[in-house]
Amino acid sequence: MKIMVSACLAGENCKYNGGNNRNEKILQLMKENEVITVCPEQMGSLPTPRVPSEIRNGVVTARDGRIVDDEFRAGAAKCLEIARREQPDLIVLQSRSPSCGVKQRYDGTFTGTLVDGAGVTAQLLMENGFRCIDVEDFSGIHEGVKI
Ligand code: SF4
């Protein structure tokens, strides 16, 4: 299978704080499948480390008040371009991220409050027909994938 994943899950230090979300299931997946890694926030020209952002009233806003919506959407568009070219069978993304979250994201108040709804990249990919799943819901290819 060909699978696209959030780069931070593969151990790349692309997270806002300069760290990663290294995930053993994803590392295992990489041994047995063709895996494409993407970090939409870096692809949208944001630096690492960077100020964390959340989606507030539909607009991606950094904790310091700067509007970073254009950068987030530029990164999402680049991910979509890659997905269209590579045609992954499945896309596994970091849960709750304002870019990569599939089912939930933070509400824009920076208080740790979750709301239903996807991050901008996950949303764009799903709107274009790609199968996306939160890493927290991913049980591995051999155990079957439920979306
Ligand atoms: S944008 Fe996605 S891939 Fe990049 S650090 Fe955030 S969750 Fe990970």
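Student: What is the bridge partner of V5 in strand 2?

Tutor: In strand 2, V5 has T37 as its bridge partner. This is a predicted model, where local features need pLDDT of at least 70, side-chain atom pairs count only at pLDDT 80 or more, and totals for chains, interfaces and linings use all residues. Residues are numbered from 1 along each chain as its sequence is written.

Student: How do you know that strand 1 and strand 2 pair?

Tutor: Strands pair if DSSP finds at least two bridges between them. Five bridges join strand 1 (residues 2-6) to strand 2, so the two count as paired. They run parallel.

Student: What makes strand 2 and strand 8 edge strands?

Tutor: The open sheet has four strands in the order 2-1-5-8, with parallel pairing. Strand 2 (34-38) and strand 8 each pair on one side only. From one strand to the next, the twist averages 25 degrees.

Student: Which residues of helix 4 are called buried?

Tutor: In helix 4 (residues 120-127) they are V120, T121, A122, L124 and L125. Buried means that 20 or more other C-beta atoms, placed from the backbone, lie within 10 Å of the residue's own, so each of these five meets that cut-off. Their cover includes helix 3 (69-86) and strand 5 (90-93).

Student: Which residues surround the ligand?

Tutor: Among them are S6, C8, K15, E41 and C100. A residue is near a molecule if its C-beta atom, placed from the backbone, lies within 6 Å of it.

Note on methods. Buried ≥ 20, exposed ≤ 12 C-beta atoms within 10 Å, placed from the backbone. Contact = placed C-beta atoms within 7 Å. Axes fitted to C-alpha atoms, helices over the stretch in contact; angles between N-to-C directions.
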